[in-house]
Amino acid sequence: QLQLVESGGGLAQPGGSLRLSCAASGYTLDYSVIGWFRQAPGKEREGVACISRSGSSINYADAVKGRFTISRDNAENTVYLQMNGLKPEDTAVYYCAVRHRVFSTCVLSNDRGEYAYWGQGTQVTVSS
């Protein structure tokens, strides 16, 4: 049974950095597009970054471009989100998600429910 566990969240100061990890068990991530999403209080969940199976295709939301970096280590069955230059508006619960294997493109939307598996989320708070 697939389990996704996010870690690495916490409190950071504006301008600071955090590195989120998404570790999978019971499932091999190699054949799946992985996405990071976030949801702030009172706001809809939004896509932050996604990475293709091989890592050759990556997309970022405009709000995080140039500050966040998504990567994957298929040998470790883990996906990472390096967050630099954090801003208070980055405060949210961050989730990793696995797109259904039939889809190979990296997209930041889950409007059609194509991200089939989700972690429990990790809280990121950016505040001075």
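## Strands side by side

Six bridges tie β3 to β8, and the two run antiparallel. Strands here are DSSP runs of E at least two residues long, numbered from the N terminus, and two of them pair if DSSP finds at least two bridges between them. Across from Cys22 you'll find Val79 in β8.

Both strands sit in an open sheet of four, ordered β1-β3-β8-β7 with antiparallel pairing. At its edges are β1 (3-7) and β7, each of which pairs on one side only. From one strand to the next, the twist averages 15°; angles like this are taken between N-to-C directions of lines fitted to C-alpha atoms, and run from 0 to 180 degrees.

## What you're looking at

This is a predicted model, in which local features need pLDDT of at least 70 and side-chain atom pairs count only at pLDDT 80 or more, while totals for chains, interfaces and linings use all residues. Residues are numbered from 1 along each chain as its sequence is written, and side-chain values use heavy atoms, with hydrogens and water left out.

## Overall build

The protein has 11 strands and zero helices. Its C-alpha atoms fill a box of roughly 40 × 30 × 25 Å along the principal axes.

Of the 128 residues, 44% count as buried, meaning under 20% relative accessible area with a 1.4 Å probe, protein chains only. Take the contacts (heavy atoms within 4.5 Å) between residues at least 6 apart in sequence: 61% of them join residues at least 24 apart.

## Inside the cores

A nonpolar core is a set of buried Ala, Val, Leu, Ile, Met, Phe, Trp, Tyr and Cys residues joined through side-chain atoms within 4.5 Å. The largest one has 29 residues, and Trp36, Leu81, Met83 and Tyr94 touch the most other members. Two or more residues come from each of β3 (18-25), β4 (34-39), β5 (46-51), β7 (68-73), β8 (78-83), β9 (92-99) and β11 (122-126). Apart from this core lies another, of six residues, including Phe37, Cys50, Ala97 and Tyr115.

Which residues does Met83 contact, leaving aside its neighbours within four places in sequence? The list is Gly16, Ser17, Leu18, Leu20, Arg67, Phe68, Tyr94 and Val124.

Note on methods: Buried < 20%, exposed > 50% of the residue type's maximum accessible area, 1.4 Å probe, protein only.
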